[in-house]
Amino acid sequence: MFQIESKTMRGCYLRFLLLLLVFLSCNTTKLGSSFDLHTDSKVRCIEEERQALLQFKQHLVDRSHWLSSWDSGNEDCCKWEGIKCSNKTGHVVKLDLQANWLYGAEPATKYLEGEISSSLLGLQYLTYLDLSCNNFSIMKSFPNFVGSFAKLQHLNLSYTQIAGTIPQQLGNLSRLISLDLSWNYDLMEAHNLDWLTHFSSLTYLDMGGVNLSQVVNWSNKVMMLPSLTHLGLHDCSLSPTTSRLLSINANSSSQLQFLDLSWNYDIVEVHNLDWLTHFSSLTYLDMGGVNLNQVVNWPNKVMMLPSLNHLSLQECSLSTTTSQLLSINANSSSQLQFLDLSWNYDLKEVHNLDWLIHLSSLTYLDMGWVNLSQVVNWPNKVMILPSLTHLSLCRCSLSKTTSQSLSINTSSSSQLQFLDLSENYDLREVHNLDWLIHLSSLTYLDMGSVNLSQVVNWPNKFMILPSLTYLSLRDCNLSTTTSQLLSINTSSSSQLQFLDLSYNHLDRSIFHWLFNSTFGSLNSLRTLGLNGNKLVGGIPKSFWNLCSLHSLDLSRNSLSGNLYEFMSNASGCLMDSLQNFGISYNRFTGPLPESIGNLSNLQILDVSENSLAGVITEAHLSNLNNLKELYLESNSLTLRFSYDWVPPFQLEDIYLGSCRLGSTFPKWLQSQKNYISLDISNAGISDIIPAWFWDFSPQLSYLDLSNNELHGNLPNFSSSRVGEYAFIDLSSNLFDGSVPPFPSNVISLDLSNNRFSGPVSFLCELNTPTLLESLNLSNNTLSGKLPDCWTYIRDLVVLNLANNNFYGKIPDSMGSLASISLLHLHNNGFVGKIPASLQNCSKLITIDLGGNNLSGMVPSWIGDSLPNLVILNIRSNQLSGSLPLDLCLLPHIQILDLSLNKIEGTIPECIYNLTAMSVSKNESSIFTFGSRRLYMDDAISLVWKGRELVFESSLGLLNVIDLSSNKLHGEVPDGITKLTELLALNLSRNNLTGLIPPKIGLLKNLESLDLSRNHLCGEIPMSISSISFLSQLDLSTNNLSGKIPTGTQIQLLNASAFLGNPKLCGSPLPNKCLEDLHKNNSIQTDDNDRFITKGFYIAATLGFIGGFWSVCFISVLNIRYIMERLTSNAQMMLT
């Protein structure tokens, strides 16, 4: 027994020693690892590794002097910035150079540019490499050598702008625990993620923004990683469905805690989210932008996850009601803290938000753009959430008053810190904002576009909130009275940092509040927006005393005067704090003062759209080291810099349109490497664009060089790196040669009004689909047949090839342009029929094919297949046949021009169905078209009152029918008089017969009417004289008869409008009507009645008789005399 106990004790003792050994081993490893990353003064870095780091630095641009410690004089590289060495060996094991810059986060004190040099291969003991948030866009390919760091455990290259394809060598990093390649949009995976199979220890993987569109079965590739807990695949262009996720078993995915599949717009969930059952450990789920419209009972699918605390289903096309949420029980959803259902436009709450009661742990709720119009007492529904700190109900169609808010007690709402009720346009505050007193913890309040016109003393209502730092009251119908503003005390508003009062009805009395010496209550203010109000006069100098102000926007007011008045003797703390100064769209005159350069921290300067004049020199700008955005356009300013001037700043937005920059191309632009937008249009430049210019900044998204005299050939800039969805406008210059290929991610290209020639073969050189949505090559001398490769540009919305020398048939592949809205091919030499494939382009709004040699009939499918058509211009072709009745199926048509063809038959009686011509319009916005990223205005050439004019801004107000110069016969249909908004009607030069419609006067808005050169008969209807706007009328060369109707407009017209109608009479024709002559005679007889007596008649009769016989007697004598002379002459001739 003793032996048994002894053996048992010995076994327990051995097990205890084993556990102790494991414990000590683990802790020794941790302690060793922790200690290993600290530099010991006794251990110095390896010289070879030191040299490798110095070589690495040589390939970097360090504008912030971040790596100043990396110096050849400092021998111990283990003490350099970002370096950690092993305490035991001295080898560099950690290189952490994560920059402190992200977009919008300024200023950057740690930021590198350049390239990642392969000299880093000298650091073979590296376990941690982080180069994130730096700019390595100069590199054209991924640094493949990174796959050679065999000991690497952590790799972060996010936000580095690296490009190319991910190398398979990355699979050599078998020890990786964390891999982050996110936010590199030019990076692509071309090897189906096969290299991931080597990462058995990987717990963190983020490839958000990397193009994974070519990866097949992506879900299984990532889910086979046994240790993965964090997976980020946002915006990766993932394959269309998540069906493959169904094959994941619980074991392979049970560890996953974080899953982000957001903004993969092509994913359509067709398996009802059943695969979510495998993710029982999931705490974070973001599927924003994924199409979930086919998911049934989606709330229960996501709420069954027991550990979920963060759920984002933003813009997921969710079903029309949230009724399913009612079935959620408290246990299944009690963990949820973050819920974002915003931007689901079709989601309509019909159950009064009762389901919210189950989400007692919720701290963040965003239902912006969800329809809550049917919710009763909505404030109490959301305010009962005891932990809620963030509430966004932006644009939710909330009820018309906030009266229910009054019932909120302090305890239920005291936690709320963020409240956004903006853009609820029907929401009208009628209770004077008294309910705000319950929201004492509020720091952020946005009530933009809520009607606050009835609120009395509105400033005090907001300023009593003790913690408020952000307040937006944009477009709230606010007005100011000085008495209200002066009642604000200092302590009530001392926390406010952001104040937006833009687009209200505020006048100068707002300044009394801002600058009153007794109530200096806005000393913490950093951002102030007063744009879009009714401010007049100059800018108060008291602004110089707002010591914390970073941004001041006074644009779109009626401020005036000379800026010297504001800038003279500029002093005060604002000089050092102001970063954004905007005064655009005002009435300032005079020069821009040089003292503007004293605003040393200025980042944004916007003085555009004023009446400034004068010269801007280097003295204005040389002190603005931090300047990022410069807006000087639409003034009369001249920029005069020395040829070799290098600005001290790197601009991101440069808008100098209509400024005079000199005839040579501005060389100082060569120093600007980071600009996103560049506008030097109408700048008086007459030069060849230098070669260095085409090496664009990779962030370029807007380029406008239009309306200059730039000349020469354009290079092939297809390899130039520009930002996604870039706009390029080189129109109205003197460029010649062929049109070169362009970058595939350009969204809009305008080369119109130049001298380009030759074919447009570059379109077929694209080979792959592009992002192009607008292509304008009009008004050049381009020629040849159009290529038949339009399938590569299937996203095209606008195509304008007008006024060139193209010939041949219109390609059938144009029918693949499913998104096309505006099609302009006029004034070319196209032949053949209008291709039937265009009926596939159901979004067409404008078809402009005029001025070609097209033949065949007007297609009947136009009326059936193009329901959105507004403009149909096929004038000046060789079309024949009759007008199809289907044209009457175009309810939106406003401009119908089929003139100068050979069309026969009659005008359809159903023409009155063109109902858009009978509806009044007060704006032309109908002609502003666009996709999600692209907007433009249409323009078209029309014959208007006998002259060909180009209409653009007023195009949406026009209603025109022109069927002139055809072979139409029959009568003018009476139904045409129902088109009461017609402005111009031209049926001239046809074979029309019958009467002018008697009710023609119903066309009360008609300005131009031409019925000339037909065979119309009968009288001109009297109702025509009631058309008061008629300024152009031509009824000449018909068979009209009778009297021309009298009317103010008619008699002012030229007589030529009525010539060629022999039976027509009256003013303005010279020939009088018989009735007018009789009337005149009658009037004359009546006027002379008092002079006619009986004696007058007797005397007249006797005079007539005497005169008659006297004439007869003299005539007889003359005849006898003539006969005697003739006889005498005859005798003389005989003798």
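Trainee: How much space lies in the largest cavity?
Mentor: This is a predicted model, where local features need pLDDT of at least 70, side-chain atom pairs count only at pLDDT 80 or more, and totals for chains, interfaces and linings use all residues. Residues are numbered from 1 along each chain as its sequence is written, and side-chain values use heavy atoms, leaving out hydrogens and water. The structure holds 5 cavities of 30 Å³ or more (sets of points on a 1 Å grid over the protein atoms alone where a 1.4 Å probe fits but cannot get out). Taking volume as the space filled by probe spheres set on the points, joined across faces, edges and corners, the largest cavity has about 60 Å³.

Trainee: Is its lining nonpolar, polar or charged?
Mentor: Lining residues have an atom within 4 Å of a point, and here they include Leu883, Cys888, Pro908 and Ile911. Leu, Ile, Cys and Pro count as nonpolar. With no polar and no charged residues, the 8 in the lining are nonpolar.

Trainee: Which strands stand at the edges of the sheet of 8 strands?
Mentor: Strands are DSSP runs of E, at least two residues, numbered from the N terminus, and two pair if DSSP finds at least two bridges between them. This open, parallel sheet runs 35-37-39-41-43-45-47-49. The edge strands have a single partner each, so one side of each lacks a neighbour in the sheet: strand 35 (711-713) and strand 49 (878-880).

Trainee: What stands opposite Thr993 in strand 60?
Mentor: Look in the open sheet of 5 strands, 56-58-60-62-63. There, 3 bridges join strand 58 (residues 991-995) to the parallel strand 60 (residues 1015-1019). Opposite Thr993 stands His1015.

Methods: 1 Å grid on protein atoms, 1.4 Å probe; cavity = no way out; pocket = protein on both sides within 12 Å on 5 of 7 lines; lining within 4 Å. Helix = DSSP H or I, 4+ residues; strand = E, 2+ residues; numbered from the N terminus.
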